[in-house]
Amino acid sequence: MWDDAFPSFLIGLREGLEAGLIVSILVATLVRAGAKSRLPQVWTGVLAAIALAMSFGAVLTFTAASLSATAQEAFGGTLSVIAVAFVTAMVFWMRRSARSLSGEIKEKVTGALAMGSGMLIVTSFLAVGREGLETALFLWTTARAAGESAGPMIGAGIGLVIAAGLCWGLYRRVLKINLTKFFTATGAVLIVIAAGVLGYGLRDLQEGGVLPGKAAFAFDLGQTIDPNAWYTTLVQGVFNLMPAMTWLQVVAYAGYLAIVMTLFVRGVRSAAAGTKAKAAPAPAPRPAEPAPVAESEPAAAAESESEPAAESEPESSPKTAPAPRKRPAWLLPVAVVAVPAVVAGGIVAFGKSKPAGAPTIAVSEKECGKGFTAPEPGRQTFQMQNTGDKTSEVYLVDPASNAVYGEIEGLAPGTTRDLVATIAGGSYAWRCVPTGGKAVTSAAVRVSGGGGAKAVVPVSEEDLAAPLRAYKEYVDRGLATLADQTQRLSDDLAGGDLDSARTDWLTAHRSYSSLGAAYGTFEDFDKKINGRADGLPDGVHDKDFSGFLRIEYGLWHGASADELTGPARQLHEDVLGLRKAFPTQDFDPGDLPLRTHEILENTLQFELTGDTDEGSGTNLATADANLTGTRELLDVLRPLISKRDPQLLATIGDDIDRLQKLLDGAHHDGTWTPVDKLDATTRQRLNGATGELLEHLAPVPDLLEIRKSA
């Protein structure tokens, strides 16, 4: 929590001090002008600005909460980018205006005094309101990045309290600080923080589908650093740097930091040079920095100021007209707080309200879709209320084809949740599947008109039974081949033939790597056969380091055949054990669609980074085997995918061919180019082709998700 508090503390301190200085100067100017009776007008404007900022924060919070997950990502990413723009402008403005802030505010106050009380309220409102809106926006984005609001709110609160204390001390002439140096130092830190917010915002836009490249990772350190360690949490909370970042995030972060920090530092140096040039001809030394409220009087003097003459009543007044009825003093302050709050409440209420004519739809284990009438075409929000005693899955379906237009998983008894779906011409019904009960389907309604609505034909366990059988047969054949290959590897080492052992090691390892979709069912065998040294106390020299990677390390680091004979024999025994156990192991059919994406996700994370290379330089050979395994898995799932999205299969096929061609280009005369020997262009093309394939594979798990509505 506390690591998330620092960025908000800094923004609260800066913005609070900036707004506090403005208020201090306003108050000091009025006191010196003998217009203390106008101070309530200043505080009214300040109160209105605070109410507006809080209302703005409420609108951001509750409006985002009413959006779909994808829309929330896009909304949050857009506001993060806007917040970065505001913070950047604020940093440069304060660097430029810190010295002249007092004079500018006094000019505005003098003009406002001449134009009446309303103008003075507007002046103070505008002066403070901008800081409040910037603070609300930045706090919202940092809280969203942190995933919790307690830390950012506490940090901002501490910053605002300290800022208020500093402003009070400056007003009373207790404190004198060099504002130029203060805003320069905090500005530099805020630029670094803003770079992280920009990267986080762009990631949100990628997750929301606004920007491409969400699977094109520049790096992924999730396996090499502890994501829960204090230093990881601190860096993540303060700088918004994640263990895994896409190329767009990295380029934007580095580009923003390089450009904005360079301009900022250059501006600071120019301002410093200009100050020295102006100070040179001065006959006497002057303070390095004027106090921000140098014009204010001490407290005693301020209290003795008399009211302006224009405010007093002449003594010789022949006859006075009846005094106009005065409005209560509390009316205006209450109004300026109430109006933003009411407007914000209206936005939240109407923004989350259901469409006119769309009733609440009841869900229970006996009755599904009570109150459902034919909706209007277009994007509609349905309020689903579970009136039963069991948690239920809720689906909006086409009763003829069972295609799903929208769903809610795990609607608990007594709760209400929104289901958003696009309605077009066709037939619609509600299907409720209570936990441990039978599916209940509502009466169907028919909708006329409207454009096309995308629906997903649900998949059942029975639908996946045939692909699962076909894939298990593929794995069983692969394990039989692997057993022969590991026996040959063991014989090579037993006979002292290291050259043949290196060749046969690669053949066997590629066979195992092509079975990627089954890794989740191999249980402890996978760790024994293909486990990494990461996390072991002694690393590659640990007694528990075994399998393919242990033998690879020895073969390419000068180990003798005698040293490797034992690990090779153990590898063969483990493969035989896996082959015997596999037919009885539990293979979840729902894993098949998930593995279409996960196999190559691991390839991008481990093989194309060279992270799993123990000396052979054959990561691309493993990537090629992984691609073979993905192709085999897609083949068994092809009938189900083509029925739901035939165009997707064609796109995926083109992506696979493109990646295969790049991998073939790194394979010459039986040898593979090591990842670290690839030129920058080829490596970038490999990562890009894999990332693009992953983007197109991403819909497959959702497309073939097992749904109880089937």
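**Entry 1**

Buried means under 20% relative accessible area, exposed means over 50%, and partly exposed lies in between, with a 1.4 Å probe and protein chains only. I also take helices (H or I, at least four residues) and strands (E, at least two) as DSSP runs, numbered from the N terminus. The model is predicted: local features need pLDDT of at least 70, side-chain atom pairs count only at pLDDT 80 or more, and totals for chains, interfaces and linings use all residues. Residues are numbered from 1 along each chain as its sequence is written, and side-chain values use heavy atoms, with hydrogens and water left out.

I looked at helix 15 (residues 548–555) for burial. Seven of its eight residues are buried, so helix 15 is largely enclosed by the rest of the structure. I list the buried ones as F548, L549, I551, E552, Y553, G554 and L555. Next I checked their packing, with contact meaning heavy atoms within 4.5 Å. The buried residues of helix 15 pack against helix 12, helix 13 (498–513), helix 14 (524–530) and helix 16 (561–581).

**Entry 1: the whole protein**

I counted elements. The protein has 21 helices and 13 strands. Of its 710 residues, 45% count as buried. Residues 24 or more positions apart account for 77% of them.

**Entry 2: helix 18 and its two partners**

I set up the geometry before reading angles. Axes are lines fitted to C-alpha atoms, for helices over the stretch in contact, and angles run from 0 to 180 degrees between N-to-C directions. Helix 12 (residues 461–494) packs with helix 18 (residues 619–644) at about 165 degrees, with the axes 10 Å apart. That makes helix 12 roughly antiparallel to helix 18; angles over 145 degrees count as such, under 35 as roughly parallel, 65 to 115 as roughly perpendicular and the rest as oblique. I noted the crossing of helix 12 and helix 18 as right-handed. Right-handed means that the near helix is turned clockwise from the far one by less than a right angle, and left-handed means anticlockwise.

I read off the contact residues. Helix 12 gives D463, L464, P467, A470, Y471 and Y474, and helix 18 gives G629, E632, L633, V636, L637, L640 and R644. By class, the contact of helix 12 with helix 18 has nine nonpolar, one polar and three charged residues. Here Ala, Val, Leu, Ile, Met, Phe, Trp, Tyr, Cys and Pro count as nonpolar, Asp, Glu, Lys and Arg as charged, and the others, Gly among them, as polar.

Then I turned to helix 19 (residues 646–664). Helix 18 and helix 19 pack at an angle of about 165 degrees, with their axes 10 Å apart. Helix 18 is therefore roughly antiparallel to helix 19. The crossing of helix 18 with helix 19 is left-handed. Residues in this contact include L627, R631 and L634 of helix 18, and I652, I656 and L659 of helix 19. The residues of the contact of helix 18 with helix 19 divide into 11 nonpolar, two polar and five charged.

**Entry 3: L703**

I looked up L703 in helix 21 (residues 699–703). L703 is buried, at a relative accessible area of 10%. From L703 to A455 I read 248 residues in sequence and 9.8 Å in space, C-alpha to C-alpha. Leaving aside neighbours within four places in sequence, L703 is in contact with V456, V457, V459, I641, R644, D645 and L648.

Strands pair if DSSP finds at least two bridges between them. I found an open sheet of four strands in the order 4-3-5-8, with mixed pairing. Strand 4 (368–370) and strand 8 (416–423) stand at the edges with a single partner strand each, so one side of each has no neighbour in the sheet. Neighbouring strands are turned by 35 degrees against each other on average, direction ignored.

I went through the pairs. Strand 3 (residues 361–363) runs antiparallel to strand 4, with two bridges. V363 stands opposite C368 in strand 4. Strand 3 and strand 5 (residues 378–386) run parallel, joined by three bridges. A362 faces Q385 in strand 5. Strand 5 and strand 8 run antiparallel, with eight bridges. T381 has V420 in strand 8 as its bridge partner.

**Entry 4: positive phi**

Most residues other than glycine have a negative phi. I checked two exceptions. N402 has phi near 70 degrees, and N402 lies in the loop between strand 6 (392–397) and strand 7 (404–411). At 25% relative accessibility, N402 is partly exposed. D669 has a positive phi of about 50 degrees, in the loop between strand 12 (667–668) and strand 13 (671–672). D669 is exposed, at 83% relative accessible area.
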